[in-house]
There are 2 protein chains.
Amino acid sequence: MKRIVNEGVLWVTQPDKSRTTVKIYGRSYKIVGKENSEHVRRVAGLVDEKMQEIHDVNKSLDTTSLAVLTAVNTMNDYIKLKEDYEVLQNLLEEKEE
Amino acid sequence: MKRIVNEGVLWVTQPDKSRTTVKIYGRSYKIVGKENSEHVRRVAGLVDEKMQEIHDVNKSLDTTSLAVLTAVNTMNDYIKLKEDYEVLQNLLEEKEE
């Protein structure tokens, strides 16, 4: 999913694409991509939720920090899950031997 | 990992914590949390890299959009991996029956 943003519009550089307008932390983005609209809305909703959660903990946070922080948290979750995934993969390989 | 940001400083609200200063897209954040410094630096480095990649595709992007976009991309990766993880879990359960 590569996206290009221009004046609040996110574009995904892919053919046969869906177009979905989402609102993340009060700002609208038009997301164009191969993912279907339902999926795009789900992803955007989760990001919006995380930003809101972090805002609730510190109301003085500026939007950029909030978004960076959300990215850091999500990346941390991703890396942890990736490690768990590799553990499962190894277990499965062992069982298949 | 709950973090509070104040004037460019990220704080994670947890006891027995490490303190790590990282630079993400030209801005310094002091991250305090239970993760070790090496891990925090790795996570921050990946976020910085993603923001840079998206910037390279559209240089007119403002920092907030870049960060939101990075969060959206990472969340999408997370959800996809989560689905793959569940598939593996089911496979493993089947094998154990």
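Copies are superposed by least squares on the C-alpha atoms of residues with pLDDT of at least 70 in both. In this predicted model, such a superposition places chain B on chain A by a rotation of 180° with 0.0 Å of shift along its axis, and the RMSD is 0.0 Å. The two copies are therefore related as by a two-fold rotation axis. The surface used for the contact is the same in both copies, since 100% of the contact residues of chain B recur in chain A.

Chain A has 97 residues, of which 34% count as buried. Among the contacts in chain A with a separation of 6 or more, 12% are accounted for by residues 24 or more positions apart.

The contact between the two chains draws on 42 residues from chain A and 41 residues from chain B. On the side of chain B that touches chain A, the elements that contribute two or more residues are β1 (3-6), α1 (37-57) and α2 (63-96) of chain B. Of these elements, α2(B) gives the most to that side, with 25 residues. By class, the residues on the side of chain B that touches chain A comprise 24 nonpolar, 11 polar and six charged.

Both helices of chain B named above also pack against each other, α1(B) and α2(B) meeting at an angle of about 115° with their axes 9 Å apart. Because angles of 65 to 115 degrees count as roughly perpendicular, α1(B) is described as roughly perpendicular to α2(B). The crossing in which α1(B) passes α2(B) is right-handed. On the side of α1(B), this contact is made by V47(B), K50(B), M51(B), I54(B) and H55(B), while α2(B) supplies L66(B), A67(B), L69(B), T70(B), N73(B) and T74(B). When grouped by class, the residues in the contact of α1(B) with α2(B) are six nonpolar, four polar and one charged. In chain B, then, α2(B) takes part both in the packing with α1(B) and in the side that touches chain A, to which α2(B) gives the most residues.

Conventions. Residues are numbered from 1 along each chain as its sequence is written. Chains are lettered from A and ligands numbered from 1 in the order in which they are written. This is a predicted model: local features need pLDDT of at least 70, side-chain atom pairs count only at pLDDT 80 or more; totals for chains, interfaces and linings use all residues. Two residues are in contact if their C-beta atoms, placed from the backbone, lie within 7 Å. Helices (H or I, at least four residues) and strands (E, at least two) are DSSP runs, numbered from the N terminus. Ala, Val, Leu, Ile, Met, Phe, Trp, Tyr, Cys and Pro count as nonpolar, Asp, Glu, Lys and Arg as charged, and the others, Gly among them, as polar. A residue is buried if 20 or more other C-beta atoms lie within 10 Å of its own, exposed if 12 or fewer, and partly exposed in between; C-beta atoms are placed from the backbone. Axes are lines fitted to C-alpha atoms, for helices over the stretch in contact, and angles run from 0 to 180 degrees between N-to-C directions. Angles under 35 degrees count as roughly parallel, over 145 as roughly antiparallel, 65 to 115 as roughly perpendicular and the rest as oblique. A crossing is left-handed if the near helix is turned anticlockwise from the far one by less than a right angle, and right-handed if clockwise.
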